[in-house]
Structure formats: C-alpha cells, structure tokens
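I opened my notebook to see what I could look up in a protein model, one entry at a time. Come and read along.

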Amino acid sequence: MAGKKKELGVDSMGIQKTMTKLDYLGDSSGQISLNLLGGLVGQLIYFYTDKVGLAAGIMATLLLIVKVIGAFADLFMGEVVDSTKSDKGKCRPWFLRMALPSVAAIILIFTVPKNISPSMQNIYVLITNLFLTCIVYTAIAIPYGAIMATRTKSVEERGKIGIARAASGYVVGMVVSVLLIPLTNMLGGNQAAWIKLGVIFAVVSGLSLLFLYKTSREENIEEESEKEEKSPFFQSLRLLFKNKYWVIMLGVNLFLNISSGLSMSGGAYFSKWILGNENLVALMGAVGLIPTFLGFAAVGPMVKKFGMAKTSQICCGVGVLGGIIRVFTPYSLISCLTAGGLMTFANIPIMCLSGALVNNCVEYNEWLSGKKLVGMTNSASSFGSKIGSGIGGALIGWLLALGSYDAKLMVQPDSAIYAIFGFSIYIPLILFVIMFFLFSKYNLENIYPQIVKDLKERREKDETV
C-alpha cells in the first residue's frame with residue numbers, strides 16, 4: 001500500500017494522495033443508492049395525492065415529522081459511527097448491512113394498501129417512511145459522508161470525490177425526476193405502475209451498496225481510533241458549534257436541501273398547472289441536462305481558480321440571477337428552461353463541493369480541540385440537510401393546502417397557482433441569496449495547509465514523548 005501511495009504522489013498542498021480511478025468509481029456508486037432513496041421520497045407527495053388519493057396537507061405534515069425524527073436519528077448514527085470498531089473500518093461495514101434493507105424500503109413506500117381506511121393508510125405511510133428515512137437512509141448516509149474524511153486527507157481528492165459523487169447522484173436524480181412520471185404513465189399511470197418501477201429501482205440500490213462495500217477502504221482508521229479518546233455526545237455537539245466553518249455548512253446544507261426538496265417535489269405541479277402538461281417535466285429535465293453538464297465541466301476549473309467556497313458563492317450569484325428572471329416571466333416555458341437552467345447550473349458546484357467543505361471541518365475540529373469527530377461532523381451536518389429536505393417537501397404540501405389545491409379539479413384557483421409560484425420560484429430565489437452570504441464567510445481553505453502542518457507537528461511531537 002505504501003508503494004501504491006508513492007505512485008499516486010501528493011496534491012498541490014503537499015498532502016499524500018490515496019485514490020485510484022477505481023476508488024472514485026466505487027465511491028460514487030454509493031450516491032446511486034442515496035439518490036434513489038432520496039429522489040423517490042421527493043416524489044412521494046405527488047404519488048400520495050394524485051395516485052393514492054391522500055390529503056396533501058396531512059401528507060406534508062407526516063413527511064416532515066419523518067424528516068425531523070430522521071434528523072435526530074442522524075445525530076445518533078454519528079455517535080454510532082464514531083464508536084464503531086471493526087477491521088473493515090468505522091464506516092464501511094454499514095454499506096453491506098444496509099443493502100437488503102434498502103431494497104425493502106423502496107418497495108414498501110409504494111405498496112400503500114388500498115382496501116383500508118384513510119387513517120390506516122396514513123399510519124402505513126408514516127411507518128414505511130420512518131423505516132426508509134430514519135433507519136435505512138441514515139445508516140447509509142452518515143457512514144458514506146464520514147468515509148470521505150477517513151479515506152483521504154487531501155483537499156484535492158476530497159473535491160474530486162465530491163464531484164464524482166455529485167455526477168453519479170445527479171444522473172440518478174435526473175432519471176427519477178425526468179423519467180418517473182412518463183415511465184409510470186406508460187405502465188398505466190396508476191399505483192401498480194409506480195410499484196413496478198419501484199422494484200427496479202430497489203434492486204439497483206442494493207447492488208450499488210454491494211459495489212461500494214467491495215471497493216471502499218479506510219486509511220489508518222484503526223491507528224487513529226486507538227489514539228483518540230471518545231467524547232460524550234453533548235460535549236461533541238458543543239465542540240462542533242465552536243467550529244464556525246461547520247456552523248456555516250450546517251446552514252448551507254439546511255437551505256440547499258430546502259431548495260432541493262422543493263425542486264424534486266414541485267416540478268410535476270408546475271408542469272401540470274402552470275405550463276399545462278405534466279409530461280413537460282420530462283422536457284424540462286432533458287433540457288436541464290445541458291446546464292448540468294456545463295456545471296460539472298466548470299466546477300473543476302473554477303475550483304482551481306477560486307477555491308471551493310468562492311466557487312460556491314459565485315454559483316449562488318448565478319442562481320440569484322436566474323431566479324430574478326423567472327420572477328418576471330413566470331408563465332414562459334422558454335424562461336423556465338433558460339433561467340431555470342441558470343439555477344440548475346448554480347446548484348451543481350454546490351452539490352459537488354458541500355461534502356468536501358464539511359469534511360475539511362474534521363481537521364479544523366482536531367486543530368481546535370484535539371477531537372476529529374468524523375461521524376458527528378457528518379451526522380450533525382446531515383441533521384441540517386434532512387431538516388431542510390423535510391421542510392422543502394412539507395412547504396409544498398402546506399402551500400398547496402393553504403392555496404386550496406384540489407387534484408380532482410380541472411382548473412385550480414388563483415390561490416393554488418400562487419402557491420405553486422411560491423415553491424417553484426420565489427423561495428428558491430431567497431435561498432440562493434442566503435447561501436451567497438454564508439459562503440462569503442467560509443475562508444477555511446486559506447488556512448487549511450497550516451492546519452495540516454500543525455497537526456503533523458503535534459503528532460510527531462506526541463510520538464517522541
């Protein structure tokens with residue numbers, strides 16, 4: 001392994017590289033499972049209201065409850081990851097353990113029984129979503145986020161991991177958001193059609209986790225685990241809130257996932273009631289591939305020139321511009337495709353880089369307090385992510401209920417139309433403005449090389465004592 005590392009060389013900061021092309025491919029496969037789980041959850045409001053016939057307001061509230069409980073489950077899972085001791089590492093064993101449960105979870109969310117009362121259907125929805133979100137998704141996402149820090153210390157490689165993960169996950173996300181409605185309509189457009197497609201997605205999820213387990217590994221985790229003393233849960237949280245960069249990324253993940261939740265769940269409503277054809281969601285998704293590919297092509301060069309945080313801030317500015325254009329042209333399909341494309345482009349680098357920006361906080365934690373807190377850093381940040389996606393999905397249901405939305409109507413009232421504008425255009429614009437400000441305060445990259453140098457000197461000093 002030492003010889004292999006020497007062949008890989010060091011990054012621009014002089015930090016040893018550890019990742020091969022196969023490592024990047026295998027690591028990115030985990031995002032396939034996560035984005036299938038998360039992307040399908042993002043479509044559930046539409047599925048429950050328009051295919052099963054459940055009330056939008058109740059569904060929004062239930063799914064938010066699930067997200068809030070799941071957020072606290074993330075904190076617990078972070079503690080579990082930091083406490084895990086295995087010859088396979090702290091994170092890797094969980095990918096194998098969750099392969100079959102991920103298959104079951106995806107199938108169960110669509111198999112809502114028809115011949116029971118609405119109240120029992122609501123209970124079924126709550127239980128199956130708790131299983132998917134609070135157990136399966138959490139037990140994959142927290143170790144998957146944390147393994148970036150235990151896999152490599154190189155900021156350059158972490159950035160590349162983030163890009164590979166985002167590319168893999170975005171392809172899956174686009175398949176779900178673009179093809180789910182047309183494919184289920186081709187299969188009959190009813191609940192049975194969603195179940196059939198769900199089985200296919202479930203198998204893909206399980207296989208992706210098995211491939212991730214087979215190809216992943218962790219660097220020096222046993223040695224570092226023995227040296228680092230375990231911190232009590234609430235002490236770990238207090239230490240995290242002293243890390244200003246982690247607090248910034250907590251906010252970014254919160255607002256980014258509100259936006260993502262709105263985007264995943266709101267497209268079908270906008271296509272159906274504003275543009276007049278729900279199948280246009282496929283056209284928007286297909287055209288959206290252009291700014292997506294441009295975003296992935298641009299993120300590498302932008303990071304080299306500006307750094308990760310500045311790149312993210314610039315992209316937030318692009319998102320603000322796209323949002324302003326859409327405010328003044330809300331009914332235009334062309335505006336939806338072009339200005340919406342600017343907002344899509346803006347999201348790509350932020351998606352690519354947020355994980356690396358979070359995991360850079362691990363070394364800052366160690367520099368400040370002597371505690372790396374790998375699992376807790378990722379789980380507490382994921383807390384904000386899950387609350388954000390829950391709020392995003394719930395906002396759609398609440399705004400639709402507030403706007404007197406009724407899926408059975410041929411024409412929606414003006415109040416429902418304004419509600420759709422709210423979660424499709426106005427709220428995403430406001431979120432980009434907030435994230436622009438947050439990224440302006442993140443300057444960890446400027447001091448990261450000195451932090452790594454200081455930590456190395458501390459370890460060498462400890463070894464000589």
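**Before starting**
I reminded myself that this is a predicted model.

**Entry: the nonpolar cores**
I began by asking which residues touch the most other members of the largest nonpolar core. The answer is Y48 and Y269, in a core of 78 residues. I then looked up where this core comes from, and helix α7 (residues 118-151) gives the largest share, with twelve residues. Next I listed what lies around Y48, leaving out residues up to four places away in sequence. Y48 touches G53, L54, M59, I109, V112, V125 and N129. I also found a second, separate core, which has 55 residues. Among its members are V252, L256, A282 and L357.

**Entry: one side of α6**
I turned to helix α6, residues 99-110, and asked which of its residues are buried. I wrote down A99, S102, A105, I106, I109 and F110. These residues cover an arc of only 125 degrees around the axis, so they sit on the same side of α6. What do the buried residues of α6 pack against? I found α2 (21-42), α3 (44-52), α5 (93-97), α7 and α9 (191-215).

**Entry: F201, a residue in α9**
I picked F201, which is in helix α9. I looked up its contacts, setting aside neighbours within four places in sequence. They are L36, L40, I106, V175 and L180. One of these, I106, was already on my list of buried residues in α6. For L40 I also noted the distances: F201 and L40 are 161 residues apart in sequence and 9.2 Å apart in space, C-alpha to C-alpha.

**Entry: salt bridges**
How many salt bridges are there? I noted a count of seven, and I looked at some of them one by one.

- R151 pairs with D23, and their closest N and O atoms are 2.7 Å apart. R151 belongs to helix α7 and D23 to helix α2, so I wrote down that the pair links distant parts of the chain, 128 residues apart. R151 counts as buried at 4% relative accessibility, and D23 is buried at 6%.
- D50 and K272 meet through their side chains at 3.2 Å, N to O. D50 is in helix α3 and K272 in helix α12 (residues 244-273), 222 residues apart. K272 is partly exposed, with a relative accessible area of 24%.
- E363 pairs with R158, with the closest N and O atoms 2.8 Å apart. E363 lies in helix α16 (residues 333-369) and R158 in helix α8 (residues 155-186), so this bridge ties together parts that are 205 residues apart in sequence. Both E363 and R158 are buried.
- K17, E156 and K160 gave me a network, linked by salt bridges.

I asked which residues make the nonpolar surface patch of about 400 Å². They are L96, V199, V203, L207 and L210. Helix α9 gives the most to this patch, with four residues. L96 is in helix α5, and at 42% relative accessibility it counts as partly exposed.

**Entry: L183**
I looked up L183 in helix α8. L183 is partly exposed, with a relative accessible area of 30%. I compared its position with F293: they are 110 residues apart in sequence and 23 Å apart in space, C-alpha to C-alpha.

**Entry: the backbone at S404**
My last stop was S404, where phi is near 60 degrees, a positive value in a residue other than glycine. I put the general rule beside it: most residues other than glycine have a negative phi. Where does S404 lie? It is in the loop between α17 (374-402) and α18 (414-439). With 46% relative accessibility, S404 counts as partly exposed.

Terms used: Residues are numbered from 1 along each chain as its sequence is written. This is a predicted model: local features need pLDDT of at least 70, side-chain atom pairs count only at pLDDT 80 or more; totals for chains, interfaces and linings use all residues. Side-chain values use heavy atoms; hydrogens and water are left out. A nonpolar core is a set of buried Ala, Val, Leu, Ile, Met, Phe, Trp, Tyr and Cys residues joined through side-chain atoms within 4.5 Å. Buried means under 20% relative accessible area, exposed over 50%, partly exposed in between (1.4 Å probe, protein chains only). Helices (H or I, at least four residues) and strands (E, at least two) are DSSP runs, numbered from the N terminus. Contact means heavy atoms within 4.5 Å. The arc is that of the directions from the helix axis to the C-beta atoms. A salt bridge is a side-chain nitrogen of Lys or Arg within 4 Å of a carboxyl oxygen of Asp or Glu. Patches are made of residues with over 30% relative accessible area and no salt bridge: like charges are joined within 9 Å, nonpolar side chains (Val, Leu, Ile, Met, Phe, Trp, Tyr) within 5 Å. Accessible areas come from the Shrake-Rupley method with a 1.4 Å probe; for residues, only the protein chains shown count as cover.
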